[in-house]
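Subject: Structure handover

Dear colleague,

I am passing a structure on to you, together with some notes to read beside it. Please have a look at it before going through them.

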Amino acid sequence: MNQSGNKPKIVIALGGSILLPSLNAHAIHAYVPVMLEIAAKAQVYIVVGGGKIAREYIDVARSIGTDESTSDEIGIAVTRINASLLISALGDVAYPLVPTTYHEALSYGCSERIVVMGGIVPGQTTDAVSAVLAERVRASILVNATSIDGIYSADPNNPAYAKTAKRYDTITTAKLLEIVQQGSVRAGSNNIMDLVAVKMIDRCGMPLVVLDGRDPANVLSALQTGTFAGTVVSEDGTSPLPLIS
């Protein structure tokens, strides 16, 4: 992938349930030093999800008869509020505005500051947003920081598969497509990885890392040392990590 100067471009999809599991319990302060350290060695773009808070708003919207597209727009608004909070915490190192289009994200990236954004359009999860953005900026890698420690052969939280589900250290993009094929596309869906996102990753041949973001240091360790709790997804099942030193 192309790089800006000597710095690799890294897109980080940061799950809303990781950053803001609730308004009273958040990981914003814990993530700031990690993002600053990565940004010292790479051009960083962050896509923040809506998490539980967005899903609660969407549930209320549905309960009053709101259509799925409008429910999505409500969820997108929450992701942008979450992005604004992270921008505030990052200070001058981050671009001060939340992009509402991919073109704006690319434009803001010219400042070489951290760009933080949320959702874009109804029907597209922030997983998909991060994958499209990664393709647009020609990122070296897409990191998906979520609440699970990688990709499994089956849902490890389902009692029927708890004992047999296998976590992959590395996996091909084709295999990941098989796993997510049956995922939901309803507003606020919470799947391992969005199908559209995986198809985008497959199209541009970009490596993907799905990792446990509950510990922010796991993100930094993955990029710096290649040692982390998670799964590397690539065309041939090999890992490009570590990416920065």
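The notes below take up an aromatic pair, a helix contact and some backbone features.

This is a predicted model, in which local features need pLDDT of at least 70 and side-chain atom pairs count only at pLDDT 80 or more, while totals for chains, interfaces and linings use all residues. Residues are numbered from 1 along each chain as its sequence is written, and side-chain values use heavy atoms, with hydrogens and water left out.

To begin with the aromatic rings, those of Phe, Tyr and Trp (its six-membered ring) pair if their centres lie within 6.5 Å, and planes under 30 degrees apart count as stacked, over 60 as edge-to-face and the rest as tilted. By this rule the count comes to one aromatic pair. The partners are Tyr-95 and Tyr-108, which are stacked, at 4.1 Å centre to centre and with 15 degrees between the planes. The pair links distant parts of the chain, 13 residues apart, with Tyr-95 in the loop between helix 4 (68–90) and helix 5 (102–109) and Tyr-108 in helix 5; helices (H or I, at least four residues) and strands (E, at least two) are DSSP runs, numbered from the N terminus. Tyr-108 counts as buried at 11% relative accessibility, whereas Tyr-95 is partly exposed at 22% (buried means under 20% relative accessible area, exposed over 50%, partly exposed in between, with a 1.4 Å probe and protein chains only).

Turning to the helix contact, the axes of helix 6 (residues 126–136) and helix 8 (residues 195–204) come within 7 Å and cross at roughly 15 degrees, where axes are lines fitted to C-alpha atoms, for helices over the stretch in contact, and angles run from 0 to 180 degrees between N-to-C directions. Helix 6 is therefore roughly parallel to helix 8 (angles under 35 degrees count as roughly parallel, over 145 as roughly antiparallel, 65 to 115 as roughly perpendicular and the rest as oblique).

Some backbone features remain. The peptide bond from Leu-241 to Pro-242 is cis, with omega near 0 degrees, and Pro-242 lies in the segment after strand 9 (230–234). Glu-112, a residue other than glycine, has a positive phi near 65 degrees; Glu-112 sits in the loop between helix 5 and strand 3 (115–117) and is exposed, with a relative accessible area of 59%.
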